[in-house]
Every structure is written in structure tokens, then in C-alpha cells.
Amino acid sequence: MAGSSLRPQPSSHQSFTSKLLLLLTLLPLTLAAFAFVLQWRGGVTDPTTRYSPDVHKFPGMESSPPTTIGHNSKSDCSLLGRSLSPSFPYYRDWKFVTDLKPKIAFATSTSAGLDQILPWMFYHKVIGVTTFYLFVEGKSASPEVSRVLESIPGVKVIYRTTELEEQQARSRIWNETWLASFFYKPCNYELFVKQSLNMEMAIVMARNDGVEWIIHLDTDELIHPAGGREYSLRQLLLDIPKNVDMVVFPNYESSVERDDVKDPFSEVSMFKKNYDHLPKDTYFGMYKESTRGNPNYFLTYGNGKSAARIQDHLRPNGAHRWHNYMKTPNEIKLEEAAVLHFTYAKFSDLTSRRDRCGCKPTKEDVKRCFMLEFDRAAFIIASTATEEEMLNWYREHIVWGDKALNLKLLRKGILTRIYAPMVIIQGLRESGVFSAVVASASETLSKDKFLSPIGHSNSSNNVASVILPSRRVGKTEVSQATIRKALDVIAAHEAAIPPLSPPGMDDNVIV
């Protein structure tokens, strides 16, 4: 008994420490086992795979089982190839939601190929555009391109045929005076008239399709919906007050930093900001350095593009604006959102513009073809210089190769970096969206299918149901004389707004 009484007894502190160490050892093992059981039974989603290509969740899209396109799928556009490591959650069997509100339509007149049209179109699908009216000619109207465009939901392709031209010659705006000063002139003037006539037709199509907003945008332009609660054109227009009829997007101009750009949407991130988005003192204070010896602050136009709310009496007012026959529209200009204009972004743009026009390369004759001074100078160079001389001229007047100057203008806010469109388009490309669209287009579509009327197919060559010889006010057909009498109530219509250069140093600008 005496021996046992001398044995040391364990303290309560040592007992507590032992139990704590045991608990800390068993707790991680228990949690790991519990997590393994839950994940094995499908009760937990691994956050790292939530946005993988196998999980079909993306704003504005409906999910459906993925269909994998083989990496050896044939494509007629090398730029539309697929990466081996897709990073964007989209497959060709996904369907973009078409009942988004507000419903937005784009109208465009284009002769581009799939390498330009598909990135342009699907980028705008991502930010909320549901409907596209493509007025095509040249390469865009070729069977290999048309076949693909026809297969895309929400796309209507309209060909420039003799029938279309006859219908448009009897359309309302052809017989009015506000566009008349642009008639019967070549090249850019001719394109401007075509765009206006196509916009008139697109308004009718948009009303029939239940569209709420319409925008005329070229396929070398991307909407940058900055300033909204999310990167979404749909959300941006949804937040516009109901009493606003039209919304102006000031344009930013691409500022390429190399002379070997092949895919501007994926390679160009630097843009020159619009006058409307800059302090007046900054704009004019840095004007000389910003122009770099060119005729104007921008190479081409600087008056932006606009979106119009679909309503009675809407009409185009040239390719950059909309108007209304019966009232002065309530128009606002956005303070952050912009149109990104990729102008002369490729060296080949010099010769492609030259090849579209048959003017003589003289200072006097180019005035018949081009509205803007830089276009005239570029046409003359492309028509008279050697390849080497053209490249040197391109580097001097278009390429922003002076890094010190670029940094200075970036700090001043004249230049800006915008990456969102590049990231979205590159993600679409890496996920195989463009190659999947090309591969899935039926190769057996006949030319008759291409030219079937609207309502039976995505394409339309029969435009009689869209543009009518008679004039309309609202939904009631009335005579031309009655229309003229009604229009006497309103002040004389101003001429169509052409592409305009930004303010120059000698311009009197009212702030």
C-alpha cells in the first residue's frame, strides 16, 4: 500500500492536452472522409470545375448535352481553328436564349468572310444581341459563307439582288430629299446609300420580329458596353429610361502597334478615345501629338453610332443615326460605353479599300469617292506606291510604334487599353465555337434554300413583303400625297448625317 501511495498521479492538465492532441489528429481525417463520401455520392460540386467546359452555365444561354467536335474538323477559315484546351463554356449544341429582354437586333451591310463575321457575331451574342440582319454581297454572299450564316439561329441573310434593288428604288427614303445629296456617287457614297436603304428595310423586319432596339454596326466594329452593372449590352439598354428614343455610342478608334496584325479582334487592345469621353483641355492640349501628322484626330469617322428604340415612324438618318418622321427624338449620349472601330487595323486594308473603288488616284477625283480626308490619302498611296512604299507609309501614319509617346498618351487618357472583347473572342475561339458552326452547317443546302422568303428560312431574296412600293404611316397605307401633306407639319428634314471627323483645332466646339 505504501509503495502505491508514492506513485505520481497524472495531472488534469496533462489529461486535457492528450485529449486535445487526439481530437486535432482525428478531426482532419474525419472531415476528409466525410467530403470524400459526399463527393462520391454527387452531393458536392468542386468549385474548380464549376465553369469547366463540362458544366453548361453561362449568362444568356440554355444548357444541353455537349457535342464534341473532333480536332480534325475541316474549316474554310484558318483563324477559326480550335485549341486543344478549351477555356470557354460553350459547345455547338448550346442554344443562346432568344427571349431576352430587351430584344436587340443588329443590321449590317457586309462583304466580309467568316473569319471576320463569326467572331463579330458571337461576341455580340455573348453581350445580349439576339437578332442579326445581314445584307450581304461579294464574299459574304458566296455559297460557302452563306451556308454557314444561314445555319445560325437568329440570323437573316438578305442578298443584294436585282429584285432587292428594284424594291429599294421604290422605297420611301429613295424618293425623299434628305438622302438625295449622296445619290449617284461612287464608292463610299454608294455604300452610305446602300446602308441607309438596308436600315430602312431592317426597321420593318425588326418590328415583325418583336425587336425593341436596333443598331446599325459594321463588321469591323464591336460594342463595348462599359458603364453598366454588368458587361452586357442588354443590361445597358434595359437601364435606359423609357422616354429615351435613341442612344449614341461614341466611337473609339483602334491604335495598332504592329504592321503584321492578322486578326484585329484578338490582337488589338489599344484604342484612341473619343472627344466626347475626354476633357476639352486634354483633347486640344494633346491634339498635335495625337494626330501624328494625319489630317485629323481620328483616321476616319468620329461621330459614333446609335441605337434606336423600335417605334412608329422610325427611319434611318444615314448609317450613323436614326430619326423619326413625326417628332424630334429624345437622344442621349453614353458617357462610358463605346463602339470600338478597328479601322485600317491590317496592312491589307489599304489595298482592299483600293480594290473596291474605281476612282482615279488624284486629289480631285478621290473627292467623288470618299467623304473623309484620310481615306482619300490612303487610296492614292495604295494606287500609286510600291509595296515597300505602302508599308513605310502604313508604319508612319497608322502604326503606333513610339512606345514613349504611347505611354504618355495612355497616362493622359487619350489612349486606353480595352481587353474584354479580346478575351471573350479568344475564349470562343479556343472552345471551338467558330469551327463547330462551320462544321455543323449542312453542305447539302441548295441555292433555292438560300433564296427562300423570310418566314421559311433565315435568308431572304424575296423582299416584297418587307419593303413595299406604297408609303406607310404606322400600319396604315396611305397615298403619297397624304404623306407629303402630313410631313408639312414638321420642319424641313435635315440632310442625312454622314461619317464626320472629330473636332479639329480650328473648330468652335460648344461644351
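**Pocket lining and salt bridges**

The lining of the largest pocket comprises 17 nonpolar, 16 polar and 15 charged residues (Asp, Glu, Lys and Arg count as charged, Ala, Val, Leu, Ile, Met, Phe, Trp, Tyr, Cys and Pro as nonpolar, and the others, Gly among them, as polar). The model is predicted, so that local features need pLDDT of at least 70 and side-chain atom pairs count only at pLDDT 80 or more, while totals for chains, interfaces and linings use all residues. Residues are numbered from 1 along each chain as its sequence is written, and side-chain values use heavy atoms, with hydrogens and water left out.

A pocket is an open set of points on a 1 Å grid over the protein atoms alone, where a 1.4 Å probe fits, with protein on both sides within 12 Å along at least five of seven lines; lining residues have an atom within 4 Å of a point. Helix 6 (188–208) contributes six residues, the most to the lining of the largest pocket (helices are DSSP runs of H or I, at least four residues, numbered from the N terminus).

By the rule applied, 22 salt bridges are counted, each a side-chain nitrogen of Lys or Arg within 4 Å of a carboxyl oxygen of Asp or Glu. Arginine 429 and aspartate 263 form one at 3.1 Å, N to O. Arginine 429 lies in helix 15 and aspartate 263 in the loop between strand 9 and helix 8, so the pair ties together parts that are 166 residues apart in sequence (strands are DSSP runs of E, at least two residues). Both arginine 429 and aspartate 263 are buried, that is, under 20% relative accessible area.

Definitions and conventions:
Buried means under 20% relative accessible area, exposed over 50%, partly exposed in between (1.4 Å probe, protein chains only).
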